[in-house]
Structure formats: C-alpha cells, structure tokens
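Here is a short report on one protein model. It covers strands, helices, aromatic rings and a few single residues.

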Amino acid sequence: MICTHEANDACFSKVSLFQHLDQAESELLTSLLHTRQYHKGDYVVQEGERSDMLYVVHQGCVKLSKYNENGKEHITRFLFPGDFFGQDSLLHQKPQAANAEVLESSAICSISKHDFDQLLEHDPKLAYHFLLAISDLLRETDAWNSSLSAMTTEQKIAKLLLYFHTRNHAGHEIRLPVSKKDMALLLGITPETLSRKLAMMQTQGLIQVTGNCFLILQLQELKEIIAC
C-alpha cells in the first residue's frame with residue numbers, strides 16, 4: 001500500500017464529484033483516501049466480493065467485466081483517470097457487481113463507507129453531487145448501449161476510437177493497454193471482424209494501427225461515419 005497526501009490530492013482533483021469541496025473539506029478528503037499501486041492483471045475487486053469502498057482511478061486503466069452462467073466474459077466499461085467505481089457496494093453494502101481488472105500499472109485511490117459518511121457530515125452537499133455523478137454515469141451508459149445497438153460495425157468501431165481519443169490520448173495518437181480482443185468484446189463483435197475493419201479503415205487513410213497504438217489521421221471523417 002502506498003499512501004501519500006500528494007498522490008491522494010492529485011487523485012480526487014480529477015474527479016468532478018469532489019471539485020466543489022472547499023480547502024478544509026479537501027484536506028479532510030485527502031486524509032481519508034488511500035492510494036495503492038497495482039500491476040497489470042491484478043484485480044482491485046472481483047464479482048461477488050464483499051466491499052464497502054469507493055474506488056477512483058488515479059493512473060492507468062481498469063476493465064470492468066462480469067461472466068455469465070456459461071463462463072463468457074461481458075465487458076461493461078473501460079475506466080481511465082478520474083473514473084470511479086464501487087458505488088453500489090459503498091451505498092448499499094451489496095457484493096461487487098463486476099470484476100475490476102487492471103490493464104496496466106495503475107494507481108487506484110479508495111475511501112471506505114465509514115470515512116465517506118464522515119465526509120458527508122462535513123459537507124451534506126456532497127450527497128447531492130454524488131447523486132448527480134451517478135445519474136450522469138447511468139445516463140452515459142444507457143446512451144452508449146442504445147446507440148451501439150443501432151450502429152453498423154464500422155460506426156461502433158469509430159465511436160469506440162473517438163471515445164478513447166477523448167479519454168486517453170496525446171494529440172491524435174492513442175496508446176492503449178486495451179487488447180483488440182477486449183475491444184471486440186465491448187462492441188459485441190469478433191476479434192477477427194475488428195481486425196478486418198481496422199485494416200479497412202487503415203487502407204482508407206482514416207487511421208494508422210501499430211500494435212495497440214492508434215493514430216487518428218482523419219478525425220472529422222471518423223465523426224462523420226458515426227453521423228451517417
């Protein structure tokens with residue numbers, strides 16, 4: 001476990017949920033957060049596990065997934081710095097609804113229900129902001145799922161690339177710890193279909209693919225694919 005005030009302060013500063021806090025409340029939050037380093041392949045939590053923690057991605061990337069009764073993996077989200085998870089366990093003490101697997105060396109901040117309740121006592125407005133954050137997350141998830149269901153394969157891939165471009169990029173270059181297999185699982189297509197469509201987009205001059213590095217060459221054209 002690695003826990004420093006500097007790391008904790010940097011962690012919550014990326015989360016809109018906590019950005020309204022005044023200095024005293026920020027200092028309290030910093031004292032209550034814990035930061036831990038994880039390696040690729042580690043699990044922060046696993047489906048069905050008992051926990052009362054809220055987790056925030058500070059550095060790196062995390063995959064949320066669950067398995068059906070046939071053992072098939074279903075990926076629900078990729079999380080990047082500033083994203084949080086574990087809210088159901090924090091609020092309702094329910095078992096974890098998904099596996100949270102670290103896809104690269106990552107730093108994850110956490111706060112327990114006891115400490116979160118203590119923070120709420122100092123700042124009742126935090127409950128309102130937390131409700132808004134969860135509402136936004138549900139709305140975004142519903143919008144993502146509903147839009148994907150009506151899209152062609154090309155549109156799904158373009159949408160995912162633009163999402164990664166927005167969340168985890170430097171310029172038009174996207175370096176991802178996410179495998180093509182996981183990308184395909186999220187989109188509900190086969191890895192072979194994904195590879196074929198990516199090769200087609202590369203031939204069309206829209207992107208350049210090298211391993212898990214994607215260079216977007218025609219950003220506007222990708223947006224137009226989704227709009228068609």
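## Strand S8 and its partners

Val57 has Ile108 in S8 as its bridge partner. The model is a predicted one, in which local features need pLDDT of at least 70, side-chain atom pairs count only at pLDDT 80 or more, and totals for chains, interfaces and linings use all residues. Residues are numbered from 1 along each chain as its sequence is written, and side-chain values use heavy atoms, with hydrogens and water left out. Strands (E, at least two residues) and helices (H or I, at least four) are DSSP runs, numbered from the N terminus. Two strands pair if DSSP finds at least two bridges between them.

Ile108 also stands opposite Arg36. The table lists strand pairings, two of them with S8.

| Pair | Sense | Bridges |
|---|---|---|
| S1 (residues 34–38) and S8 | antiparallel | five bridges |
| S3 (residues 53–59) and S8 | antiparallel | six bridges |
| S9 and S11 (residues 213–216) | antiparallel | three bridges |

How many residues of S8 are buried? Seven of the seven residues in S8 (residues 106–112) are buried, and the strand is mostly covered. Buried means under 20% relative accessible area, exposed means over 50%, and partly exposed lies in between (1.4 Å probe, protein chains only). Ser106, Ile108, Ser110 and Ser112 point one way from S8. Ala107, Cys109 and Ile111 point the other way. Residues on both sides are buried.

## The three-stranded sheet

An open sheet of three strands runs in the order S9-S11-S10, with antiparallel pairing. Its edge strands are S9 (173–175) and S10 (207–210), each of which pairs on one side only. On average, neighbouring strands of this sheet are turned by 15° against each other, direction ignored. Ile174 has Phe214 in S11 as its bridge partner.

Helix H8 (residues 191–203) lies across S10 and S11. H8 runs at about 130° to S10. Such axes are lines fitted to C-alpha atoms, for helices over the stretch in contact, and the angles run from 0 to 180 degrees between N-to-C directions.

## Helix H4 and its neighbours

Two packed helices are described by the angle between their axes and the distance between the axes. The axes of H4 (residues 113–122) and H5 (residues 125–149) come within 7 Å and cross at roughly 120°. H4 is therefore oblique to H5. Angles under 35 degrees count as roughly parallel, over 145 as roughly antiparallel, 65 to 115 as roughly perpendicular and the rest as oblique.

Which residues of H4 meet H5? Phe116, Leu119 and Leu120 in H4 meet Leu126, Ala127 and Phe130 in H5. Contact means heavy atoms within 4.5 Å. By class, this contact has six nonpolar, no polar and no charged residues. Ala, Val, Leu, Ile, Met, Phe, Trp, Tyr, Cys and Pro count as nonpolar, Asp, Glu, Lys and Arg as charged, and the others, Gly among them, as polar.

The axes of H2 (residues 23–32) and H4 come within 10 Å and cross at roughly 175°. H2 and H4 are therefore roughly antiparallel to each other. On the H2 side, Glu25, Leu28, Leu29 and Leu32 take part, meeting Asp115, Gln118, Leu119 and His122 in H4. The residues of this contact divide into four nonpolar, two polar and two charged. Leu119 meets residues of H5 and also of H2.

## Aromatic rings

Rings of Phe, Tyr and Trp (its six-membered ring) pair if their centres lie within 6.5 Å; planes under 30 degrees apart count as stacked, over 60 as edge-to-face and the rest as tilted. By this rule there are eight aromatic pairs. The rings of Tyr163 and Phe164 have their centres 6.0 Å apart and their planes at 50°, so this pair is tilted. Tyr163 is partly exposed, with a relative accessible area of 25%. Phe164 counts as buried, at 0% relative accessibility. Phe78, Phe80, Trp144, Tyr163 and Phe164 form one aromatic cluster.

## Two single residues

Gln93 is not a glycine, yet has a positive phi of about 55°. Gln93 is found in the loop between H3 (87–92) and S7 (99–102). At 37% relative accessibility, Gln93 counts as partly exposed.

Tyr67 lies in S4 (residues 62–67). Tyr67 is partly exposed, at 39% relative accessibility. Leaving aside neighbours within four places in sequence, Tyr67 is in contact with Glu47, Lys72, Glu73 and Asn99. Tyr67 and Ala98 are 31 residues apart in sequence and 8.4 Å apart in space, C-alpha to C-alpha.
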